[in-house]
Amino acid sequence: MTGTVQGVGFRPFVYREALSLGLAGSVRNDDRGVLVDAEGPLDALEKLAERLVHHAPPLARVDQVIVTALAPAMGQRDISAPDAGSASRHEPRGAPRRARAFRIDASTSTGTARVPVSVDIATCAACLAELRDPADRRYRYPFINCTDCGPRYTIVCSVPYDRPATTMASFTMCASCQAEYDDPADRRFHAQPNACWDCGPTVVLRQPDGHPVSSGIRAVDAAAALLVGGSVVALKGIGGYHLAVDATNPSALATLRRRKARDDKPFAVMVRSVEMAEGLVVLDDEARATLVSPRRPIVLARRRTVDHSIPDEHEPPSTGTAQLTEAPLGAAGSGGVGPLADAVAPGLSELGLMLPYTPLHHLLLDMVDRPLVMTSGNLSDDPIAHLDDDAVARLGPMADAIVTHDRLIHIRCDDSVVRASPGRLQVLRRSRGLAPEPLTLPGDRPAARRVLAVGAELKNTVSVAWDRTIVPSHHIGDLEHLATYQAFLQALAHLCDIHDVAPDVVAHDLHPEYLSTKHARDLADEGTVTSWPVQHHHAHVAACMVDAGVTRSVLGVAFDGFGFGDDGTLWGGEWLVANFDGYQRVGHLAQVAVPGGRAAVAEPWRMALAWIAAGAGDAAAARWGAQVDTRWQAVLRLAHDPGVLRTTSAGRLFDAVAAIVGLHRQVTYEGQAAIALEASAAAGSSTSRRYHLDRYSELDSQGHAVTVLDPGPMVTAIAADADAGTSVAELAGAFHLSLADAVADTTASLAQVHHLDTVALSGGVFQNVVLSDALADRLRRRGLQVLVHRHVPPNDGGISVGQAAIAALGTPQTDR
């Protein structure tokens, strides 16, 4: 069997099924999947083959079953219960073999790994029952697990998946745990992370400088008391450290924001139960199922009540000093619990919630009985800390205490993020619980070559592709930070190693200054791989095609912040006729200056000034700019400077409009202005107000006609209406709906011209539910099939998937 069949209880499942059918033989892991050698009556063998596919363990995914007929063993079969620890026998294939009982054999390896590694799985119900049972020997043990749950990907160093190949290798099982591990009837039969209080990892509470204070359950009790008391606690999880505080405590939140240097970006919140979650956000059936699923992502959902005002300043920081003392069991859970503090997600209409997914989480949430902020353990924009010494160095200055343990994390892995909107879920960050689950290359053709795809600069992921498979990595982050770049290099090596992919080509972005691009070209210069450049927005569209399983040509609408175009300019509002072989740019938004480069991203008022100047002229820009910033004259001069970068970016258009309507003229995190604009638009989506966008045709550098959609008239009208006192909600709603109308008209026209019936919506702008739903509805009413992202992020986290598919299935440029 191939697929996700290791680390999910598959061998014990095969063993039990074979015994129930009276079969002899063996099952073992190898570096392709699981090998079953079964002998018995033909009807029993057929039943086993059917059960392997249709009754597999819930966490397994069987991609393929390859059946080979062998000569039967000679003599009388013995199908009595076997010694699970017996040595593996290796008879020649096709030769007569000795009869034997059914058993689990030791794993084998030929050095060619092709087996998917299981994702990390949240604590199962059976383990939770034991965790809370005073009579159980694992009562309140923070690392309880079984074959159905626990860490997988983050502790795997190599494959096949066996304990010696994980970070549990240093923990020798006690007699009781070993007996469970060896007992085919036990839930922990061959559970590789199996452990208990006597032989497994130990939790330790430490001072910020790393000095130990207490260990075991006393450390957990003390940590719960600290959280209820308003302290910031660094907490080691499955894929790295979180910084945790009481989400109902404004003072604690203010302290965390100050120490983490995170002024406004929303925090994720962990709640004890789905009932607690539904008291905070609106969940439909699909969103609820995702929240409680074994993958346990952060689910971004609409708040039940929200104050749309944005506080001018935070609550004053706590002046108290945390006392690291041991607390009695249950002492932390008493007292009333208030509403979430405003500083959790300032001014936003959505909350990111998750349920506990480790036993340690459950223990803490049971005690504190209130929502806890669980944000990545890092300084803003740095990668999450996952090594213990690094956690003390980087998190010690931010935390009042550190809760750690001695089970190493091999691969850091942030929490996954899924956005829930009515009738649709969309993965925004594919990481813990979702990575490294394989994706299937669309179509009937296998990959023409083995591919390593190195992704983009921001929200980086990497991918490998071979045969019919793409395996994306976990979320890595922004490569401009040294620690993130080092994590990028580790992820590349680990992904190639555990899947035994020696790439023929390395796919990368066109942008010459991306660190991922530079690394790809360095690899190509070494002569072991061939460079395969992929235009940024072509990769976005291809990722959407992989997500939808489509191979035919589509009209891609790729809206994002910036991407390097093949003409050397910054694209970001594109219409591409695309397939895996190539693309043609057939339309784009009008170009506008980016006055100040990166400064224009951090200060959206600059983009607003450039758009007003382009649409209404310098006099109107001067009137607006004089009310906003004393530097307006210098910025206006930059907007007319022929040497200044120009862009077609839809993302920067959203920034400009957010600044014009008065939401954010400066931002403290990526996407802040656009997120606030969308939140306002949701409140004003019933408006009948509409704005006009110009549309015209021009010739590109190769003489091809290209459609240009110019938002200039719309921006000018919005500025005038804002000056006249029109509400922010109405302006934001009218902007979204007017843009959806114009983009739908343009897309339908281009689809007709190019004889296409399928549209792919991709790029970070299509994380915006108001725009994407309005646009998709308009396109479908015009008879077009619309592809949207569901399992692959529409933002730059999906770029490596698109790069990998293009390089695996496409035609090399030299052959076109």
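Reply: Leu235 stands opposite Val403 in β14. The model is predicted, so local features need pLDDT of at least 70 and side-chain atom pairs count only at pLDDT 80 or more, while totals for chains, interfaces and linings use all residues. Residues are numbered from 1 along each chain as its sequence is written, and side-chain values use heavy atoms, with hydrogens and water left out.

Strand β8 (residues 233-236) and strand β14 (residues 401-405) run parallel and are joined by 3 bridges. Strands here are DSSP runs of E with at least two residues, helices are runs of H or I with at least four, and both are numbered from the N terminus. Two strands count as paired if DSSP finds at least two bridges between them. Strands of a sheet pair through backbone hydrogen bonds, either parallel or antiparallel.

Val403 is also the bridge partner in β14 of Leu205. β6 and β14 run antiparallel, with 4 bridges between them. β6 also pairs with β7, in the antiparallel sense and over 3 bridges; one of the pairs is Arg206 with Pro212 in β7. β6 and β7 form a hairpin with 5 residues between them, and Gly210 in the turn has a positive phi of about 95°.

These strands belong to an open sheet of 11 strands, ordered β7-β6-β14-β8-β9-β13-β10-β12-β11-β15-β16, with mixed pairing. β7 (212-215) and β16 (424-429) stand at the edges with a single partner strand each, so one side of each has no neighbour in the sheet. From one strand to the next the twist averages 30°.

Helix α5 (residues 217-228) lies across β6 (203-206), β7, β8, β9 (241-246), β13 (372-376) and β14, and runs at about 45° to β6. Such angles run from 0 to 180 degrees between the N-to-C directions of axes, which are lines fitted to C-alpha atoms, for helices over the stretch in contact. Contact means heavy atoms within 4.5 Å.

Another helix, α9 (residues 359-368), has 9 of its 10 residues buried, so it is largely enclosed by the rest of the structure. Buried means under 20% relative accessible area, exposed over 50%, and partly exposed in between, with a 1.4 Å probe and protein chains only. Among the buried residues of α9 are Pro359, His361, Leu364 and Val368. Asp369 follows α9, and its phi is positive, near 50°.

Elsewhere, the largest nonpolar core has 77 residues, and those with the most contacts inside it include Leu555, Trp575 and Leu739. A nonpolar core is a set of buried Ala, Val, Leu, Ile, Met, Phe, Trp, Tyr and Cys residues joined through side-chain atoms within 4.5 Å. Helix α21 (residues 728-753) supplies the largest share of this core, 13 residues. Apart from it lies another core, of 67 residues, among them Val5, Val27, Ala60 and Ala222.

As for confidence, the mean pLDDT of the protein chain is 90, and 91% of its residues reach 70 or more. pLDDT is the predictor's confidence in each residue, from 0 to 100. Over residues 74-99 pLDDT stays under 50, and over residues 306-321 it is below 50. Where pLDDT is low, the predicted coordinates should not be read in detail.
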